[in-house]
Amino acid sequence: MKNENPLKILIVGCGQVGRNLAEQLVEQGNNVTVIDTVAYLVNDISASCDCIGIVGNGATHEVQQEAGIKDTDLLIAVTGSDELNILCCLVAKRESNCHTIARVKNPDYSKDTEYLQNALGIGMVINPQYASACEMARILRFPSAMKIDTFADGKVELVKFRLPEGSPLVDMSVKDVVMKLKCDVLICTVERGDEAHIANGNFVFKGKDIISLVASPKNAEKFFTKIGYKTNAVKDVIIAGGGDTGTYLCEMLRKDGIDVKIIEKKEAVCDGLCAEFPDVTVIHGNAGDKETLLEEGIDNSGAFVALTNLDEENILISLFAKNIGCKKVITKINRFDFDDVIKHLDLDSIIYPKNITSDLIVRYIRAMKNTIGSNIETLYNVIKGKVEASEYIVKENSPITAGPLMTLQFKENVLVAAIIRDNKVIIPRGSDAISAGDRVVIVSGAMDLHDISDVLR
């Protein structure tokens with residue numbers, strides 16, 4: 001992929017997140033070096049991604065020098081050790097003026113995020129469990145959604161949902177939906193099996209399609225009400241697993257007034273949860289046992305969240321919850337190498353903490369390039385590797401302000417999904433025009449956009 005401003009990036013840690021990052025960043029035209037103490041992991045990634053690989057301890061001055069830290073733009077530390085990740089960043093900052101990113105999973109360190117960034121100069125500190133809990137909480141506030149991403153400080157939402165077989169939208173075209181429902185939303189993408197489409201007006205919906213739309217929160221709620229979807233937050237949630245993610249999620253849901261019940265097999269963890277959340281029901285039991293789930297009322301629960309440490313268990317108990325009629329199910333899956341298989345299962349919302357981590361890092365990197373001429377503000381994968389949504393602030397004299405949208409020559413598979421002007425959300429039509437200072441959300445199958453002007457031919 002063409003990249004006029006390639007960055008030199010060091011990735012320390014060749015686990016799943018490191019591999020995923022290397023693949024994305026090389027594909028975007030950056031110069032990537034991966035570092036790990038495990039030789040076969042380094043060799044595998046460097047061969048498959050066509051990047052440089054170094055075997056060694058990425059926290060040492062010697063190895064970082066070998067990797068060329070002096071002229072590096074960004075170091076990303078995603079080893080399995082929080083302490084090692086922080087040390088990698090400190091050594092890099094000592095030797096170079098590069099940006100640094102550390103994955104930090106321990107909640108104790110997460111409380112020191114501001115200190116790590118301000119006092120120690122780490123550019124970004126990512127806690128995958130906290131980020132995952134935030135995404136789950138957003139979904140539970142709007143249970144019809146499979147996934148919700150936000151732009152412009154929450155003024156615009158990109159909502160992904162699955163179309164039931166009996167939905168009134170089945171056999172309707174995109175333009176029919178807009179005309180008949182009279183809702184100010186923009187339908188962006190449709191996933192059908194392994195196919196991904198950026199929807200045009202003539203696209204006809206089928207049952208089980210996965211649809212993404214862009215709207216203000218208020219207009220999204222109106223749309224879902226008109227098609228008979230539940231739009232109110234769930235009232236009660238059962239969480240299977242009381243680890244860090246479950247703890248973060250519990251805290252967020254309690255603040256929203258949602259009743260929470262946690263099932264946890266480790267007695268010591270139960271004791272800690274009871275002490276921290278005296279108003280939460282904590283059950284000492286095995287969430288992988290269906291009798292336990294039935295005893296705790298999973299069939300009548302507003303939502304069920306599977307957060308055990310085993311992907312297989314999370315998938316099975318989620319399918320069981322769906323089968324007995326639980327209204328909303330969220331499933332945490334750590335490995336994403338079987339996502340092509342998992343997406344065909346009858347699961348509601350799937351959360352991949354490692355994907356969230358790599359997406360946040362890629363978003364940070366694209367924002368870094370603001371100083372190099374790009375003005376991207378926010379970035380989300382709508383359909384991984386196929387379609388992305390990005391937010392830009394339009395600068396003076398940008399070619400995209402040359403006239404109404406209908407007069408501009410856009411590249412194929414590009415949608416102007418929303419314009420935010422004076423804190424108002426505009427779902428654009430052909431006669432609308434973009435002005436300097438607007439925030440604009442673009443949905444695109446062209447994965448090499450670095451500036452909003454790149455959407456034009």
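Thr-378 has its place in strand E18, which covers residues 376–383; helices (H or I, at least four residues) and strands (E, at least two) are DSSP runs numbered from the N terminus. The model is predicted, so to speak of local features a pLDDT of at least 70 is required, side-chain atom pairs count only at pLDDT 80 or more, and totals for chains, interfaces and linings use all residues. Residues are numbered from 1 along each chain as its sequence is written, and side-chain values use heavy atoms, with hydrogens and water left out.

At 14% relative accessibility, Thr-378 counts as buried. Here buried means under 20% relative accessible area, exposed means over 50%, and partly exposed lies in between, with a 1.4 Å probe and protein chains only. Leaving aside neighbours within four places in sequence, Thr-378 is in contact with Thr-150, Phe-151, Arg-363, Ala-389, Ser-390 and Glu-391, where contact means heavy atoms within 4.5 Å. Arg-366 is 12 residues from Thr-378 in sequence, and their C-alpha atoms are 8.3 Å apart in space.

Strand E7 (residues 147–151) pairs with strand E8 (residues 156–162) in the antiparallel sense over 5 bridges; two strands pair if DSSP finds at least two bridges between them. Phe-151 stands opposite Val-156 in E8. The hairpin has 4 residues between its strands, and Ala-152 takes a positive phi near 50 degrees there. Ala-152 is buried, with a relative accessible area of 4%.

Asp-171 also has a positive phi, near 75 degrees, in a residue other than glycine. Asp-171 lies in the loop between E8 and helix H8 (174–181).

A parallel arrangement is found elsewhere in the chain. Strand E2 (residues 31–36) and strand E3 (residues 52–55) run parallel and are joined by 4 bridges. The chain passes from E2 through helix H2 (residues 39–49) to E3, and this β-α-β crossover is right-handed. A crossover is given that name if, with the strands pointing away from the viewer, the path from the first strand over the helix to the second runs clockwise. Within this pair, Thr-33 has Ile-52 in E3 as its bridge partner.

Thr-33 is also among the residues that Ile-11 touches, a list that includes Leu-25, Val-34 and Ile-76 and does not count residues up to four places away in sequence. Ile-11, Leu-25, Val-34, Ile-76, Phe-410 and Ile-442 have the most contacts inside the largest nonpolar core, which has 43 residues. A nonpolar core is a set of buried Ala, Val, Leu, Ile, Met, Phe, Trp, Tyr and Cys residues joined through side-chain atoms within 4.5 Å. Helix H15 (residues 353–368) supplies the largest share of this core, 5 residues. Apart from it lies another core, of 28 residues, among them Ala-131, Met-136, Leu-140 and Leu-253.

The protein as a whole has 15 helices and 22 strands. Its radius of gyration is 23 Å, close to the 23 Å that the globule rule gives for 457 residues, so the protein is as compact as a globular protein of that length. The radius is taken over C-alpha atoms, and the rule is 2.2 Å times the number of residues to the power 0.38. Of the 457 residues, 54% count as buried.
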